[in-house]
Amino acid sequence: MKTLKLIAVLILLPVALGLFGTWELQRSADRAAELAETQSALQEIRPQLEALAAKRGAVAVVDLDGESVGVMVALSRVAQAEGDLRTLGPLSEVMRGLAKGVIVLGALATLVGVLGLLGLGIAGSRARQSRDQLLRTFTRVSRVLPYVLVGHIIAMGAAVAAILAYEALGIWHAGRISAGEIKLMLAALVVVLVCLYSIWEMGKQLRVMLRMFEPTAMDVLGRAITVEQAPVLWAYVDDLAKQLGALAPEHIVLGMTEGFYVTSSDLQLIPSNTVLKGRTLHIPLMYLGVLDSAETSAVIGHELAHFAGADTEYSLRFLPIYDGIGRSLGVIAETMNASDLLQRTILRPAFMLGIYFMESFHHAVNHWSRSRELAADAAGARLAGNAAAASALVRISAVDPLLHERIGEHLGRATRPTADRLVPHDLATSVLHELAAQTFSLPAEELAAQLPHPSDTHPSNGERVAALQISADEAVRRGTRAMDALHACAAMDYYFSDPQALRLGLTQDFLEHYVARDAEVVDELRTYASTAVDDVKLHEGARTRGIFSMVFLSVFLLLGIGLLAFTVARPDLVQDKKPLLMLCGLGLIGLMSILMVISLRMIKRADMPALLLTPEHLVFNNFKAPIAIRHIADFGITDGQGVVLTLYLEGDAPLPERVSSSYFAPNAKLLKRKRAVQLQLMQVRRDGKKLKAQALAELIGTYLNAGNARHLLQQRFEGGV
């Protein structure tokens, strides 16, 4: 579907513009031929009129286009027509040039679209041949594609502007221009100005588009550790790099929750806002205590192996670009969400093509990522042994959910502090002691899970353990061993010159970051919660339509009654047509009666509440209880023959119970299979004013957002906002 949309935007649309330009060129050619024919006729008739005026004087009368006029009036009209031709001739040439421009621009945009899509398809195929091909192709395409896209957008915008300019100029004609034509020209001028404004806005967005494939820095919550702060850790990592023949990292960053990884992407550290460039090794502090020394060597060796041998260029050049482009597309998506309709329309082709660009290389990246991860596992195993490498995989998978659970508990205390729920000043030490009291286990299916990684897709843990030639049972036995808290804390502190200061600083950074982010979320929820605090009644309000319909149908009902009465009263006049006429009369009476009941229904329920919106519930006439807003997962509105509002319920929400109600009341339907509630009305009114579908959607969305925000705040603060 995405490919079809891209074909429509990048190829079919410019083809349509080019065809429109062809039609305009044909019209301009016909217009030029008419002007030439008129010019020839004027050149032929002027000498005749002048000769007649000289011979008979002003009293001579001639026939001009079916009208008898004096020869001097005819000469005046010929002169005026010649003057109009002097204006229309050059104007016709300009219009012909505009039409040719539309054709050329449409063809250029089509060519760019075709070459762009074909080029991406070919590039994606080549990227699967080798990592070198992936690197070369991806780098080349990422540099060229933004300019291709900008060229396509400029060509499209210019083509649309040329079309509008052609049509505006086409209104001009010979003779006096009427008031209606002047208004039409002004309207066309307004449209041209809107188009020019659109092109101007496009120009303002070109910088964004040209930079859309430039890598952006990755935000990381952590601290860069110097050699003075961690002399043992730096020496340890440098020694592992030498054993592997790998490039040593230029920076080591300690974090709390994210796993081990290396990257050459630019990093922006939070909260210091320090930007790191070059090779960076990220180490989660607590895992230095969770893993034993052999497992730590295997994991860090695995990461450093990405800077060794053939993997080096891939890690240094390709991954930073690939990861950065993904983040850039996320920034563009946020920009589109915050932009107006015009800017969203301008940016959408760029965003769509960017997504297609990434998807074209997705399979190739996954393929080479899987092979490089297995090779990195083997490198880590050469340093620490296959058993240590396998048990490290299992231990991280077994400990990680428990670790995040404990950290989440402490974050909850930090964001909702109470006297009996103290927040630790040393999060790492507290969590290690809590983990030591846990029993680690790993379900068999977890060996098929993928280990989280910020850069690329890893093979499953089962594949990786099998590739290390270690049995799953042995890996699980070693990886789920019990942990001694004192030993784990000592192992974690071993690498640092002042471990306590480091732990306290990391804890402060971590908690302050999430407390601040939590406060922002709460403020946003409170803003939403304050937007819908009153009850709103929605009704159909189709009384006028119902009355008009009743009057209209009454005429046909009387016609049917009259036809039936006439057939019964004067059978001699209808003779053998009596059965047919009686059938028509009865059918007309029956149909009009049914339609009049429907019209009466519109009149009677015009002012009845069809839906009551409250801060916490949505109330329908024919449901036993209101529907809680927190039970609504989504909604949809269709506007065609009336307005249809559909509310989709959460999977665990109770289905509403229907109660008996009058046919003449606005009732909602329960769609059990879809777990949805549907309300259909001729129109929707609020306080007597008709609501369009967009306004209704905004109103429903506001109440749902506000209700859900209040529910979340209530859960958060146990009854208080």
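Me: Why is Arg-481 called partly exposed?
Reply: Its relative accessible area is 25%. Buried means under 20%, exposed over 50%, and partly exposed in between, with a 1.4 Å probe and protein chains only. So Arg-481 counts as partly exposed. This is a predicted model, where local features need pLDDT of at least 70, side-chain atom pairs count only at pLDDT 80 or more, and totals for chains, interfaces and linings use all residues. Residues are numbered from 1 along each chain as its sequence is written, and side-chain values use heavy atoms, leaving out hydrogens and water.

Me: What makes Glu-295 and Arg-481 a salt bridge?
Reply: Their closest N and O atoms are 2.8 Å apart. The rule asks for a side-chain nitrogen of Lys or Arg within 4 Å of a carboxyl oxygen of Asp or Glu. So the pair qualifies. Glu-295 lies in helix α7, and Arg-481 in the loop between α13 (472-479) and α14 (485-493), so the bridge ties together parts 186 residues apart in sequence. Here, helices are DSSP runs (H or I, at least four residues), as are strands (E, at least two), numbered from the N terminus.

Me: Is Glu-295 buried or exposed?
Reply: Glu-295 is buried, because its relative accessible area is 0%.

Me: What makes Glu-250 and Arg-279 a salt bridge?
Reply: The closest N and O atoms are 3.6 Å apart. Glu-250 sits in the loop between α5 and β5 (251-255), and Arg-279 in the loop between β8 (275-276) and β9 (280-284). They are 29 residues apart. Glu-250 is partly exposed at 41%, but Arg-279 is buried at 17%.

Me: Why are α5 and α7 called oblique?
Reply: The axes of α5 (residues 231-244) and α7 (residues 293-304) cross at roughly 60° and come within 10 Å. Under 35 degrees is roughly parallel, over 145 roughly antiparallel, 65 to 115 roughly perpendicular, and the rest oblique. So α5 and α7 are oblique to each other.

Me: Which residues of α5 meet α7?
Reply: Tyr-236, Val-237, Leu-240, Ala-241 and Leu-244 do. Among their partners in α7 are Ile-300 and Leu-304.

Me: How do you know that Asp-426 is buried?
Reply: Its relative accessible area is 13%, so Asp-426 is buried. Asp-426 is found in the loop between α10 (386-415) and α11 (427-436). Leaving aside neighbours within four places in sequence, Asp-426 contacts (heavy atoms within 4.5 Å) Arg-503, Leu-504 and Thr-507.

Definitions and conventions:
Axes fitted to C-alpha atoms, helices over the stretch in contact; angles between N-to-C directions.
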